[in-house]
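I opened my notebook to look up how the inside of this chain is packed. Here are my entries.

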Amino acid sequence: MNKLIYGLGILTFLFFSCSSSRNTIATTQEDKALLSAIKKLDKKPSDNDLRNIITALYDNAAKVHLDNIEMYSSLTEADKWDKIIKEYRSLQHLSDVIKTSGTASNLLRPPAYEAKIEVATQNAASAYYDLGLTYLQHDDKESFYNAYYAFKKSQRFVPGYKDAKRQMDFAYQKSILNVVINPVTDNSIYYNSAGWNRFGNSFENDYLQRNLARDLGGSYSKNAQAHFYTDREARSADIDADLVVDLTWVNLEIPIPYTSRYSRNVSKQIEMGRDTSGHVSYETVSATLYITKKYFTATGDLESKISDAVTGSVLDNNRYTARFDWQQEYATYQGDSRALSGYDLSMLNNSNYMVPRKDDILTELYQRIYPQVKNGIYNAVRR
């Protein structure tokens, strides 16, 4: 579930569906018919058929927009002004096209709508400003978030309208989510059955928790939609959490390395010399490698659960999987060492290999799973 709290916000459709309303027009089929006829008339000024229908086409196009304006004017929602302005801009666009046409301007004298657009724009700024004030009366994050966007809309219509900028900044700060990330816990069967009560530095220092809080923006970004804290940071700063992130290993398997043994015959032709005619003589040398392979595959499933800090309801729950493959080979041989390749020789010198420690393996799993968890939390919390 992305965009946890505000995805279903009351004003979402208001703020995004018409975000560019000040620069758009509502083009109808009647508009297209009129504009097409004007283009044709400009190319053929003597076309009497077009001249005779231009006025009717304009009247039809204008009526559609004026009827829409009348209908929208009866609405009570603030976004009615987005729609009304769009219709007036369409009417103004038709007037501008006609005025710049050498032929249509001789037939029509459409009115200008700049003054009506200006009035509607002021009304829109006022309506969204009042809506923002209404939301500020409710002391909750969602209302502050909606207030922020209402004041932002007011500013878009009329920059500097009243104190909308100050109110917008205030509402934004009040809407910021405080997200507390708890330490990683482990409920995996393997962890408990193997008696691993300590994982070394990676686990004890809450590597994943601290880095998530930092990389997701911490509490320092002025423009962040959410501030992230570890549980210790939140307690120290006396922060009241809005959302809580719980991270739990639900399946962690770090097996003892498996051992397999096999042999491999190798051979190689080596140059022995040249006779007096320059002909090269070769000898085939061979050896048998006795190879021991140590290997394992460590896997882990980490559950990320995001809950409402007040109600405890789970808002987002995802499981991420990481895998770490490790293997080492070492060998002995019998036969002629000249038959061995560079890789074969490296296996002969690899008898002092080290199996990764448990905390090193866990670190490897962390590093593989970390981007998934970070992106999951970011996408869930962002608005």
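I began with Ile84. Ile84 touches Ile69, Tyr72, Ser73 and Ala120, leaving out residues up to four places away in sequence. Contact here means heavy atoms within 4.5 Å.

I noted the ground rules. This is a predicted model, where local features need pLDDT of at least 70 and side-chain atom pairs count only at pLDDT 80 or more, while totals for chains, interfaces and linings use all residues. Residues are numbered from 1 along each chain as its sequence is written, and side-chain values use heavy atoms, without hydrogens and water.

Next I looked up the cores. A nonpolar core is a set of buried Ala, Val, Leu, Ile, Met, Phe, Trp, Tyr and Cys residues joined through side-chain atoms within 4.5 Å. Buried means under 20% relative accessible area, exposed over 50%, partly exposed in between (1.4 Å probe, protein chains only). The largest core has 43 residues, and Leu34, Tyr58, Ile84, Tyr88 and Phe157 touch the most other members. A second, separate core has 36 residues, including Phe324 and Trp326.

Then I checked Ala26. Is Ala26 buried or exposed? Ala26 counts as buried, because its relative accessibility is 16%. Leaving aside neighbours within four places in sequence, I found Ala26 in contact with Asp31, His65, Lys86, Glu87 and Ser90. Ala26 and Ser90 are 64 residues apart in sequence, yet 5.7 Å apart in space, C-alpha to C-alpha.

In soluble globular proteins, nonpolar side chains tend to be buried together.
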